[in-house]
Amino acid sequence: MKDFIPTNGQFSMMTLPYEALGDVISVQTLSFHHGKHLQAYVDNLNKLLPGSGLENLPLSEVVRKAQGGLFNNAGQVLNHTLYFEQFSPAPKPMSAQFAALLEKNFGSVDAFKQEFEQKGATLFGSGWVWLNADPQGRLVITQHPNAENPVTQGLNPLLTFDVWEHAYYLDYQNRRPAYLAALWQIVDWPTVESRL
Ligand code: MN
């Protein structure tokens, strides 16, 4: 995963690399999720950083070392940045090498997607489902509540689906599994693979 570096102890708000994602995530959801929710996490992170002793560290280091409100806001900035950056309205497909890696670890690409969706659907409450590389290079799927990120467990995060209700309620209401199944249509695999 590439890291995110602050300027003068402050993190900047990411710009979305697209204006719309078709029917999969509406423009209205994007405007609230990116424009309001992520903006609030960035603002809170930047308010809490001065005097914390963690100023000027890369974002993943802040997430590894912070606690309480600073951890929650730093985690949500990292989680949402990875989430929004991995999508495209015209996504490029998975490479044959990455498909082979998924087959080796999960049996097939479809079996991987099924387990990923199932772990997203069964995460109780708010949180995130992740595909990660472990230190031995194996691919593993993990569930994390609230603002947690797999970097706290020594994993390298590659792909994530946000299962907080604010990510899908305007478009899918209570149908979280339908939201998870639809997201595959907009995953830009070269972006995911570049984090390996
Ligand atoms: Mn979110």
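Visitor: How is the chain divided into domains?
Guide: Into domain 1 (27–85) and domain 2 (96–193). The bounds come from an automatic or database domain assignment. This is a predicted model: local features need pLDDT of at least 70, side-chain atom pairs count only at pLDDT 80 or more, and totals for chains, interfaces and linings use all residues. Residues are numbered from 1 along each chain as its sequence is written, and side-chain values use heavy atoms, without hydrogens and water.

Visitor: What separates the centres of the two domains?
Guide: 20 Å, taken over C-alpha atoms.

Visitor: How much area do domain 1 and domain 2 bury between them?
Guide: About 1500 Å², with 64% of it on carbon and sulfur atoms. Buried area is the accessible area (1.4 Å probe) that two parts lose on being put together, summed over both. On the domain 1 side, Thr29, Asn79 and Tyr83 supply 36% of the area buried against domain 2, more than any other three residues.

Visitor: How many salt bridges across the interface?
Guide: Zero by the rule, which asks for a side-chain nitrogen of Lys or Arg within 4 Å of a carboxyl oxygen of Asp or Glu.
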